[in-house]
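Morning, everyone. Please look at the screen, and I'll walk you through the model.

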Amino acid sequence: MSALAPLGVLAELPLAVSFEAFTAGNFWAGVAVLAGIYALVALGLQLNVGFTGIINFGQAGFMAIGGYTMAILVLEAGLSFWLALPAAMLITMAFGLLVGLPSLRLRADYFAIVTIAMAEVVRLVAQNARGLTGGNEGLFCNTEGVNQVCYDDTWLDIEDSILGFLENFSSDPEILLPLLFVVWATVLLATVGLSFIQRTPWGRVLRAVREDEDAARALGKNTLLYKLQSLAISALLGALAGFFLALFLATIHPVDYEPLVTFFAYGVLVLGGLANYWGVAIGSLILWTLLEATRFIELPISDERQAALRFAIVGLVLILLMAFRPQGIFGKREEMVLGD
Amino acid sequence: MATEALLDIDEVVKRFGGIHAVDGATLEVRDGEIAALIGPNGAGKTTLFNVITGFYRGDRGSVTFQGEQIFQRPPHQIARRGMVRTFQITKALAAMPVIDNMMLAAPDQPGERLSGVIFRPGASRRREAEVREQALELLDLFNLAKLAEDYAGTLSGGQRKLLELARALMARPKLLLLDEPMAGINPTLGRRLLDHMQRLRREKGVTFLFIEHDMEVVMNHSDRVVVMAEGRVIAAGEPHEVRSDQKVIDAYLGGGGASGAGSNGAGGASS
């Protein structure tokens, strides 16, 4: 894979690399969880951008709606975790439909503006509706009652039982393994499910909408309906990613839902390649490995400069990818060229 | 030939700001005929197509198709009722294989709904098999069968025109509206396209209304000619009647049109 080549070049440079941290299990388990979460976010983008031709820049907003709704339903409404999850999924999907109904009639670029504005509105509301969301202090536990209730209580129980099971095989199982397993199982399920529906006549209509919406309408397809469904499924995937991020970070905070999240997911999409669901998981793993591995390069420069350099390296990899493989790792070049 | 109107367009108006692109156009298309819609550039022919197929929302008027009012209905509903259009600039779904272009157009596929995908997978598969067979048959008829698995974007301009016509036929139309079907294709392919139209009318009872600039084609291949100028229908009748109509001659000469309606075959495709 050509995307990894620059790392090899770096290894030959006279740099000191701290291999101790580089090989730390819990660190890389965390990276893998994050990669899984971003894979879910980017799967939604793949459905929207890669297969429907609608430019959605609001995935971070759907993640926030999913995460916050789940936590608020558990903490404030006293719902069980198992009820809060599907309820938050439905609410996020309904929110997606609400946003899409007026805005999906717009041209693709205007729709993109609406979605990014939507995501920012969600984040700013979360930041300011302190009574409900905890504002900048974030959301974690409700300590007002006799017993402290946290939104991830149920998850911690599940985690404990999985870890207990894992102790059969290893005396000290990695604490992040249960989340890692659940996240990637979800990624796999979502990838298989999306690949399946993409091959049905339903998926064919989506592609037609991507290629030429007017042609699809002229052949009797209600294109708005398909775009709405695409957006709602994408919102659902965003909600799932929001749940996992909330469980991973053990707190829900507005800064975790900045537009940057969506842009990183686009990075994943571009790396993996458009119009291929399997490329998303690979793209996410590569992006996060690159981002995190570059932490360990030690250079005789200040920390801030080094932090900036990390992103410069990732940027360079993306530029090289665009130069030598513009369709991404799994994308089809013909489709990209013919698409315009 | 039946004289009953299949499509009845009455006093349709479409304005863009202060411009009356279609200014009270009235015409009818009879069941089973091949009707040509001609007129100088800017006469409002394509705009009229867009209004009656729902792509533009008309301001006033009435459009009745098979006895049903369809004015201001959305395009997909109109297409499903059997009035299917093609576009002046072909809209091949470029990054999709030719066969997918064809199969997409077939109606009544339960698998096009998510509920159908989940609850009626068998019905969806059966319909797919049926539709694929129809699609291959039609592609064969249009000499495109060899290209079935190729991306539609790799087809030549003429092949795209044929594909668009074949694809429109997959939608089981009663009336086909073709916007400049001969424009930009070579004469041999154009002749084949005209043969197809005649054959489809004969064998499948498809009615045609087509916009065309090539007067030779219009005069020799249509049963009736409708002439538009400045957003209105100024004449309609058999080709020889229209050709000698003074209003038509004036419209073409006075309107700054590129071709004379009276001079047979003189009208090239003007942009």
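Let me begin with a term: two strands pair if DSSP finds at least two bridges between them. And a reminder: this is a predicted model.

Now to a pair of strands in chain B. Strand S4, residues 60–65 of chain B, pairs with S5(B) in the antiparallel sense, over two bridges. Which residue of S5(B) is the bridge partner of B:Phe65? That partner is B:Glu68.

Zoom out to the sheet. It is an open sheet of four strands in chain B, in the order S2-S1-S4-S5, and the pairing is antiparallel. Strand S2 (19–30) and strand S5 (68–69) of chain B are at the edges. Each has a single partner strand, so one side of each has no neighbour in the sheet.

Next, the domains of chain B. Domain 1 covers 1–92 + 161–271, and domain 2 covers 97–154. Their C-alpha centres are 28 Å apart. Where do they touch? Eleven residues of domain 1 of chain B are in contact with 14 residues of domain 2 of chain B. On the domain 1 side, helix H6 (residues 157–170) of chain B gives the largest share, seven residues. That side has eight nonpolar residues, no polar ones and three charged ones.

One more helix in chain B. Helix H7, residues 187–204 of chain B, has 18 residues. From first C-alpha to last, H7(B) reaches 25 Å, close to the 26 Å expected at 1.5 Å a residue. After H7(B) comes B:Gly205, with a positive phi near 70°.

On to the interface between the chains. How many residues of chain B are in contact with chain A? There are 28, and they meet 23 residues of chain A. On the chain B side, the elements giving two or more residues include helix H3 (98–104), helix H4 (114–119) and helix H5 (121–141) of chain B. The largest share comes from H2(B), with four residues. By class, the chain B side has 16 nonpolar, five polar and seven charged residues.

Now chain A, and how its helices pack. Two packed helices are described by the angle between their axes and the distance between the axes.

Start with helix H9 (residues 177–198) and helix H14 (residues 277–293) of chain A. Their axes come within 8 Å and cross at roughly 155°. So H9(A) is roughly antiparallel to H14(A). H9(A) brings A:Val187, A:Thr191, A:Leu194 and A:Ser195 to the contact, while H14(A) brings A:Tyr277, A:Trp278 and A:Ala281. Five of these residues are nonpolar, two are polar and none is charged.

H9(A) has another partner: helix H12, residues 223–249 of chain A. The axes of H9(A) and H12(A) come within 11 Å and cross at roughly 170°. These two helices are therefore roughly antiparallel as well. From H9(A), the contact uses A:Leu179, A:Val183, A:Thr186 and A:Ala190. Among the H12(A) residues are A:Leu237, A:Phe244 and A:Phe248. The tally is eight nonpolar, one polar and no charged.

Last pair: helix H3 (residues 25–52) and helix H13 (residues 259–272) of chain A. They pack at about 70°, with axes 9 Å apart. Parallel or perpendicular? H3(A) is roughly perpendicular to H13(A). The contact includes A:Tyr38, A:Leu45 and A:Gln46 of H3(A), and A:Phe264 and A:Leu269 of H13(A). It has eleven nonpolar residues, one polar and no charged.

That's my tour. Thanks.

Key: Residues numbered from 1 in each chain as written. Chains lettered and ligands numbered in written order. Predicted model: local features only at pLDDT ≥ 70, side-chain atom pairs only at ≥ 80, totals over all residues. Axes fitted to C-alpha atoms, helices over the stretch in contact; angles between N-to-C directions. Parallel < 35°, antiparallel > 145°, perpendicular 65-115°, else oblique. Contact = placed C-beta atoms within 7 Å. Nonpolar A, V, L, I, M, F, W, Y, C, P; charged D, E, K, R; others polar. Expected span 1.5 Å × (residues − 1). Domains from an automatic or database assignment.
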